[in-house]
Amino acid sequence: MSTKSSSSSLSCPLTGNALLASPYYNKGSVFTPSERKTFSLNGLLPSLPQSHEQQLSRAYSQYKSKPDDLSKNTFLNSIRSQNIILFYSLILSHLTEMLPIIYTPTEAEAIKEYSHLFRRPDGVFLNIEMSSEEVEEALRGWEKGRKEMFGNTEETEETRYVVVSDGEAILGVGDQGIGGIAIAEAKGVLMALCGGMHPGVVCPVGLDCGTDNEDLRGDELYLGLKHGRISGEKYDQFIESFVKAVKKLFPRAVLHFEDFGVMNARRLLETYREKLPCFNDDVQGTGVVTLSAIMASAKVAEVDVKEMRTLVFGAGSAGVGIADMLVASAVEEGVDEKEACKNIWLVDKNGLLLESTGDDLSPAQKSYAKPDSDWKDKDTKDLTKLISTIKPHALLGVSTVKGAFTESAVKEMAQHVKRPIIFPLSNPTSLHEAVPEDLIKWTESKALIATGSPFPPVEHDGKKFEIAENNNSVVFPAIGLAAVIAEVGRISDGMLVEAARRVADMSPALDGEGKALLPDVEQVRDVVREIAVGVVKKAQEEKLVKKQGVPMDEEKLKEWVEERMWKPEYRELKKV
């Protein structure tokens, strides 16, 4: 990625209507009089040029006129297909308001309606019936089109970040088949919006392996393969052909796995993380941001993280990912891995994970299965009774079971620890295990809370409590940015733990009672830069940085990272 600032001029090969149709070069009403003359735009735009601020004001007014969140999501994506700078600068100007529209929870509804809302493709669509040659050809075609759209400049010379989903486990709404490409698009947007990755080097990919969602298969407008989801050897060969093509065509790219099912997410990560720099946001991103909130909570509660007892309610990709990050953090502190696992209890729909569950457990889950002998004659299904036995410091919900954290369960927890750490993290909002207002009331304001979706502050007994959103939109963009600009060989557990530490150190809760556990999203660019600096430094310590000339000094490294963060600002166009 280029070190040039966004104030430098931008070479543009287009004129007239072709220029106005390009989302990358188009400025709409902001084209200056000289640009209108140079690029043959006179007569193709209204007479009076306007400022970027005026354009933003108009777009925001149009946004506010939309009747519901899904309509707003569609409107913003329409802007993205017309004018990239306007799209990103508008959202950055209203980030707290608009992030829930372009990401969780609204994006889940947009994905469910993908085939009905579809207007134009954005990304690469690969299906399991393709040969390895066809997979490579499709990705090569994307790269050719990308260069035609963004130009083959220093800052956009090659694809550097690939986000891929097979759509099996989407944002709490399950198997969405081909609609999974929409979450890949959304994550790519956040890489640019929050992480400062140039949008021209991000590639969203949808892997169509069929779907087990009968509603989709019965929908005449559904755009994906209308057969059941294919797994096993054919699936693995498809993934292998895709990864090989990515390595061949985009040798400096980071690969981001998104919303794969529980039987594949961790398995694929472990298969490929030593072969190329790759990352699974559901396993690792959710784990990192949750670990950072736990670290901040532990400081407030005066508890040692490595000695905490943690009950994770939900044993899918996110739950196991959180557990893995807790273990990785403890191992960094010198704790034996097996000992660290003993302080974590995972619960799924059938109850506590036990060794007797055997083949029904994924390889990742088996590390946390408890000996049946320890639970003889004890209830392993009722949450309140589990809490009574385990006496956890932290209760984390990633189950998508609405209301699972009942009053009796929460009050039982509050009897055993001074500051219960309770995170109902399931998305969307309708699937939260509990709401903050109840948690504060049931614990007499003692609970330390983070949620999976945004909630307003809670007023209780004359005090105000800010609620942290456990949103990985500050974490994965920072890790991705660091991995790309430093050209790391792989993304290590040490880098992820350091990312969590950096976020925890910025916790507002450390400055006063009632403050949120995690930094406000409005400061996302500053937070991302700070995390990225820490991740690069850790990668330097672990000898994983391939890029030459990366500063070792922290202050110089901050400047170096900042210079490489793209900003959505209009640049003077230079005709070529």
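Helices (H or I, at least four residues) and strands (E, at least two) are DSSP runs, numbered from the N terminus. The model is predicted: local features need pLDDT of at least 70, side-chain atom pairs count only at pLDDT 80 or more, and totals for chains, interfaces and linings use all residues. Residues are numbered from 1 along each chain as its sequence is written, and side-chain values use heavy atoms, with hydrogens and water left out.

**View A. Ser22 in its loop.** Ser22 sits in the loop between helix H1 (16-20) and helix H2 (33-38). Its relative accessible area is 6%, so Ser22 is buried (under 20%; exposed is over 50% and partly exposed lies in between, with a 1.4 Å probe and protein chains only). Leaving out residues up to four places away in sequence, Ser22 touches Leu14 and Gln82 (contact means heavy atoms within 4.5 Å).

**View B. The open sheet.** Five strands line up in the order E2-E4-E3-E5-E6, with parallel pairing (two strands pair if DSSP finds at least two bridges between them). Strand E2 (124-127) and strand E6 (278-280) are the edges, and each pairs on one side only. On average, neighbouring strands of this sheet are turned by 20° against each other, direction ignored. Strand E5 (residues 254-257) pairs with E6 over three bridges in the parallel sense. Leu255 has Cys278 in E6 as its bridge partner.

**View C. Helices on the sheet.** Helix H10 (residues 180-193) packs on the sheet and touches E2, strand E3 (161-165), strand E4 (202-208) and E5. The direction of H10 makes about 165° with that of E4. Helix H13 (residues 265-272) lies across E5 and E6, at about 165° to E6. Axes are lines fitted to C-alpha atoms, for helices over the stretch in contact, and angles run from 0 to 180 degrees between N-to-C directions.

**View D. The buried side of H3.** In helix H3 (residues 52-64), His52, Gln55, Leu56, Ala59 and Tyr63 are buried. They cover an arc of only 100° around the axis, which puts them on the same side of H3 (the arc is that of the directions from the helix axis to the C-beta atoms). The buried residues of H3 pack against helix H4 (69-80), helix H5 (84-93) and helix H6 (95-102).

**View E. H10 meets H21.** The axes of H10 and helix H21 (residues 476-485) come within 9 Å and cross at roughly 70°. H10 and H21 are therefore roughly perpendicular to each other (65 to 115 degrees; under 35 is roughly parallel, over 145 roughly antiparallel, the rest oblique). Lys187, Leu190 and Met191 in H10 meet Phe476, Pro477, Gly480 and Leu481 in H21.

Terms used:
The expected span of a helix is 1.5 Å times one less than its number of residues.
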